[in-house]
Amino acid sequence: AHSSTLARWTLDFVRGYVDQVLADPTRLGVMESVAESFYSGTTRLRFSWLDSANRLDLSAGASGTSYGTDLYGDDTDLRGSASYRRRLAPKLLLDLSGAGWQFRRADFPIYNMNQGRASARIGWSLGKRWVFTAGATQAWSAFPDRPLDSDSTTAESSRLQDLGVGASLDLGWASLTTEGLWRRNLSNADVARYHGPVLSMRVQNGLPGAVSMSSYLLFGRRTYDPVTYLVEGERGEHTEETVLRKDETWQVGVNLSRVVAPRFRVFGDAAWLVQHSSVETYAFNQTRFTVGFSVDLIEPHQSRRAGGLADLTVTAPLGPRPTESGMRFQFRAPGASAVSLVGGFNGWVPGVHQLNGPDPNGIWEAVVPIQPGIYRYAFVVDGEWKAPQDAPRYEDDGFGGENGVVEIRKWPTYQ
């Protein structure tokens, strides 16, 4: 059995606009809308190790955000995460993950936050296209500079619990993921305790011009414990009133990205959120637009090592190579009965480009005429999607695996 080690270091720059809505925790029910342009920079370092049955990911990142004015200060955050995926059976996966996050806002420490998260999920594949999941998540949040009240030295903290189920459908040209969960937030602050459902739907697909698109729709409903709010009257006066607060939130977003060079990607996204609330001052709309680019400071590198002495046979790389008739794709699968190539050039439809083989070394091969461009690709071996072997570059496929990335600049001239 072969294993792979991947490393990636990226640097992102973002220019954007956000219509922020800031709640003042010291004045219940009072919110303020602030429209701001911003710049953001993020660096991420990630290591991945995987073989046929296991995958381990470790990542760390740091980012800073500067707004158009210094009214609310700049933001900085540090993040780290780890995830482990194991194939328990041919159609059963176990997914464990954990993460930590530290957020700081200069000159406004009441928004400072430390957070930790742990989750476990089981995935079961049905046929070639469906995956069903069930899992639980536990998150802990602490606001070190936010006292419970003006006379308290105790800081606000909370514990978030999620229980959910989901389903993913692979359509070949696109993937659809839906999830429903029940969320409960336990907090030492009366105003922050709530429970309710969250429903989401996400679609990932490719567009002409080697553009990747990801879109989502999210709905959440929260019912809070009865608390006393500061309510504004018709004449502007404020009175205290004990009410049962209920919020409903809709959020929609879309992201477009394109690899324009081997280590360079451009992207843009837009998101819109609307919240309805039984407490009028908690009802608001929010918009966010960003454009930016991402640079691989360390290009994803894959090293493969053999699982035993019997596998120490030197073989030629299996990455795509140009020929007079097109691009040659190869995949080593000695015991397979059928291998096909899928990618952005054929709509990710299995069976369009079948590989011939295997040869005496177990290698399957196909030559495909493809126009110059940057393409993501993978293989389907006996109905199971597989990452390419010795691809020039790898990217996450959104399902815990990798797609290969190949750039075809122009065809060589043969004499």
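Visitor: Where is Leu45 found?

Guide: Leu45 lies in strand 2. Bear in mind that this is a predicted model.

Visitor: Is Leu45 buried, partly exposed or exposed?

Guide: Leu45 is partly exposed, because its relative accessibility is 34% and that class runs between 20% and 50%.

Visitor: Which residues make up the nonpolar surface patch?

Guide: Leu45 is one of them; the others are Trp9, Phe47, Leu56, Leu58, Leu297 and Ile298, and the patch covers about 580 Å². Strand 2 (31-50), strand 3 (54-67) and strand 16 (284-305) are the elements that give two or more residues to this nonpolar patch.

Visitor: OK, now the inside. How many residues does the largest nonpolar core have?

Guide: The largest nonpolar core has 21 residues. Phe329, Val339, Leu341, Leu355, Tyr377 and Phe379 have the most contacts inside it.

Visitor: Which elements give two or more residues to this core?

Guide: Strand 18 (327-332), strand 19 (339-343), strand 21 (363-368), strand 22 and strand 25 do. The largest share comes from strand 22, with four residues.

Visitor: Take Leu341. What is it in contact with, leaving aside neighbours within four places in sequence?

Guide: Leu341 touches Phe329, Asn346, Val349, His353, Leu355, Val368, Tyr377, Ala378 and Phe379.

Visitor: And what does the second, separate core include?

Guide: That second core has five residues, among them Val18, Phe38, Tyr67 and Phe267.

Visitor: Back to strand 25. Is it mostly covered or mostly open?

Guide: Mostly covered: strand 25 spans residues 402-408, and six of its seven residues are buried.

Visitor: How many bridges join strand 22 to strand 25, and which way do they run?

Guide: Five bridges join them, and strand 22 (residues 373-381) runs antiparallel to strand 25. At one of these positions, Gly373 has Ile408 in strand 25 as its bridge partner.

Visitor: Different topic. What is the strand order in the open sheet of three strands?

Guide: The order is 17-18-21, with antiparallel pairing. Strand 17 (321-322) and strand 21 are the edge strands, each pairing on one side only.

Visitor: How many bridges are there between strand 18 and strand 21?

Guide: Strand 18 and strand 21 pair over six bridges, in the antiparallel sense.

Definitions and conventions:
Residues numbered from 1 in each chain as written. Predicted model: local features only at pLDDT ≥ 70, side-chain atom pairs only at ≥ 80, totals over all residues. Heavy atoms only, no water. Buried < 20%, exposed > 50% of the residue type's maximum accessible area, 1.4 Å probe, protein only. Pairing = 2+ DSSP bridges. Patch = residues over 30% accessible without salt bridge, like charges linked within 9 Å, V, L, I, M, F, W, Y side chains within 5 Å. Areas by Shrake-Rupley, 256 points an atom, 1.4 Å probe, with all protein chains shown as cover. Salt bridge = Lys/Arg side-chain N within 4 Å of Asp/Glu carboxyl O. Core = buried A, V, L, I, M, F, W, Y, C linked by side-chain atoms within 4.5 Å. Contact = heavy atoms within 4.5 Å.
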